[in-house]
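Work through the exercises below with the model open in your viewer. Try each task before reading its solution.

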Protein chains: 2
Amino acid sequence: MTLSEEDYIKAIYHLGKGDNVTVSTNAVAEQMETKPSSVTDMVKKLAEKGLVNYKPYKGVSLTEYGQKTALTLVRKHRLWEVFLVEKLDFSWDEVHDVAEQLEHIKSEKLIDSLDKHLGFPQVDPHGDPIPSKKGEFKKAIKKLLNEVPIGTSGICVGVKDSSPPFLKFLDKNKIALGDSILVLDKEEFDGSLHIQIKNNKIHISSQIATNLYLKITE
Amino acid sequence: MTLSEEDYIKAIYHLGKGDNVTVSTNAVAEQMETKPSSVTDMVKKLAEKGLVNYKPYKGVSLTEYGQKTALTLVRKHRLWEVFLVEKLDFSWDEVHDVAEQLEHIKSEKLIDSLDKHLGFPQVDPHGDPIPSKKGEFKKAIKKLLNEVPIGTSGICVGVKDSSPPFLKFLDKNKIALGDSILVLDKEEFDGSLHIQIKNNKIHISSQIATNLYLKITE
DNA sequence: ACAAATATTTAGTTTTGTCTAAAAATTAAT
DNA sequence: ATTAATTTTTAGACAAAACTAAATATTTGT
């Protein structure tokens with residue numbers, strides 16, 4: 001597999017959001033920041049190699065082999081992201097470009113050793129699940145903090161309200177993107193929540209909870 | 001810099017063994033496992049980019065900029081080797097191919113963080129020195145264990161006698177390639193040595209010492 | 001159902017890095 | 001010092017991956 005082939009496989013995979021649907025040439029072109037004609041060329045090549053199903057004018061989907069390949073790439077990408085954040089103190093938003101390069105390194109032993117070194121993490125710093133060596137993994141969904149049941153844990157991945165006062169509040173309460181959050185309890189009368197965030201227990205109002213996105217894996 | 005350009009720069013660097021000498025097209029071709037005509041093409045391109053000095057029929061040498069580039073690559077390669085051995089439990093001889101890939105990853109922050117994470121190592125698992133960020137580094141030389149003065153430390157990198165009995169002896173005494181060795185004392189009457197190897201102090205005969213290579217940095 | 005709009009493919013180029021075969025320069029040998 | 005051997009370069013071609021422009025399918029709107 002060439003670097004470019006791998007990038008296409010990943011793009012097709014991500015367009016399907018994990019489900020193996022058929023995606024259009026144009027969609028792939030946009031995702032890859034390339035021209036539709038280039039996609040047609042590459043997709044033909046991938047079809048010949050057995051990585052995708054392709055019928056002219058009818059779009060592309062991954063074959064089983066293609067899906068396996070995509071999951072391996074996703075696994076590598078996310079493990080490297082964990083490494084960068086946990087071991088090299090990269091921040092949440094600095095990891096992507098480097099992981100994008102690292103995911104193309106070819107060595108099964110490398111990735112298995114890395115997995116072990118990191119303690120077999122289940123999710124990456126964005127809360128997305130890491131496929132196992134065999135390609136099994138749970139799906140992640142994004143929900144507002146107020147919508148999840150008590151006992152749910154996940155990773156804070158975004159805000160609905162990005163106004164300065166809200167962001168200032170988060171900063172003051174040491175809530176940052178990438179933090180893991182556990183919902184401890186909910187007060188019935190006002191919908192406020194008791195949560196545990198990075199080993200601190202805090203109490204937040206319902207207004208706050210309705211503006212924070214949590215990524216959870218079922 | 002493309003991947004291929006980087007490989008050529010490294011090849012030219014290694015052919016000069018660190019000193020910046022002029023090397024022949026054919027030598028580069030052999031090192032790179034490619035054809036001389038391909039080398040000519042690439043060398044012209046590198047010359048245009050200011051990385052090498054090139055006069056047709058007269059060979060190539062690195063410019064100052066080329067040397068700096070080569071040292072950065074060497075630094076990256078060796079830091080990754082340390083990482084693979086120290087953190088991921090790769091053995092001495094498994095690291096090269098993977099490091100060869102990892103050295104092409106582009107991120108200054110990555111390599112500086114890695115350096116810090118590894119505790120700013122001075123030498124790689126083969127005993128070769130790691131250039132500093134600015135490109136400074138000491139040279140390594142290979143010597144027989146019996147030839148170095150008391151107090152010298154280095155890394156065991158090879159054997160002169162590779163007969164089974166000798167290798168068996170090394171095994172029994174837990175002396176392996178990649179081990180760091182410190183010469184503690186020398187007995188005058190028989191030339192035998194007291195050495196410290198991986199926190200064990202042992203006594204070895206002169207015959208043993210004359211068959212073990214040590215890599216030392218002055 | 002047909003024309004217009006949109007999506008996709010084909011055909012023909014370009015760039016990068018490689019190759020082979022032939023030509024030219026350098027080095028070695030008598 | 002001239003020829004022979006070797007090294008190096010040039011010229012022309014090829015494969016991969018991209019592009020542009022033109023042609024062809026498909027979808028949409030009336």
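The exercises that follow concern a predicted model.

**Exercise 1. Overall build of chain A**

Task: State how many helices and strands chain A has, and describe its extent and burial.

Solution: 
- Start with secondary structure. Chain A holds 8 helices and 8 strands.
- Next, take the extent. The C-alpha trace of chain A spans about 60 × 40 × 30 Å along its principal axes.
- Then look at burial. Of the 218 residues in chain A, 43% are buried.
- Finish with contacts. Among contacts in chain A with a separation of 6 or more, 61% join residues 24 or more positions apart.

**Exercise 2. The relation between the chains**

Task: Find which rotation superposes chain B on chain A, and name the symmetry.

Solution: 
- Superpose the copies. A rotation of 180 degrees, with 0.0 Å of shift along its axis, brings chain B onto chain A at an RMSD of 0.1 Å.
- Name the relation. This is therefore a two-fold axis.
- Locate the axis from chain B. The C-alpha of B:Leu102 is the nearest to it in that chain, at 3.8 Å.
- Compare the contact surfaces. Both copies use the same surface, as 100% of the contact residues of chain B recur in chain A.

**Exercise 3. The sheet of chain A**

Task: Give the strand order of the open sheet in chain A and identify its edges.

Solution: 
- Write the order. The 6 strands run β3-β8-β4-β5-β6-β7 in chain A, with antiparallel pairing.
- Pick out the edges. In chain A, β3 (140-144) and β7 (200-204) each have a single partner strand, so one side of each lacks a neighbour in the sheet.
- From one strand to the next it averages 40 degrees.
- Zoom in on one pair. β3(A) and β8 (residues 212-217) of chain A are antiparallel and joined by 5 bridges.
- A:Leu144 is opposite A:Tyr213 in β8(A).

**Exercise 4. Two helices in chain B**

Task: Classify the crossing of α1 and α3 in chain B, and describe the contact.

Solution: 
- Packed helices are described by the angle and the distance between their axes.
- Read off the values. Helix α1 (residues 3-15) and helix α3 (residues 36-48) of chain B have axes that come within 11 Å and cross at roughly 100 degrees.
- Apply the cut-off. Angles of 65 to 115 degrees count as roughly perpendicular, so α1(B) and α3(B) are roughly perpendicular to each other.
- List the contact. α1(B) contributes B:Ser4, B:Glu5, B:Tyr8 and B:Ile9, while α3(B) contributes B:Ser38, B:Val39, B:Met42, B:Lys45 and B:Leu46.
- Sort by class. The contact between α1(B) and α3(B) has 5 nonpolar, 2 polar and 2 charged residues.

Conventions
Residues are numbered from 1 along each chain as its sequence is written. Chains are lettered from A and ligands numbered from 1 in the order in which they are written. This is a predicted model: local features need pLDDT of at least 70, side-chain atom pairs count only at pLDDT 80 or more; totals for chains, interfaces and linings use all residues. Side-chain values use heavy atoms; hydrogens and water are left out. Axes are lines fitted to C-alpha atoms, for helices over the stretch in contact, and angles run from 0 to 180 degrees between N-to-C directions. Helices (H or I, at least four residues) and strands (E, at least two) are DSSP runs, numbered from the N terminus. Angles under 35 degrees count as roughly parallel, over 145 as roughly antiparallel, 65 to 115 as roughly perpendicular and the rest as oblique. Contact means heavy atoms within 4.5 Å. Ala, Val, Leu, Ile, Met, Phe, Trp, Tyr, Cys and Pro count as nonpolar, Asp, Glu, Lys and Arg as charged, and the others, Gly among them, as polar. Two strands pair if DSSP finds at least two bridges between them. Copies are superposed by least squares on the C-alpha atoms of residues with pLDDT of at least 70 in both. Buried means under 20% relative accessible area, exposed over 50%, partly exposed in between (1.4 Å probe, protein chains only).
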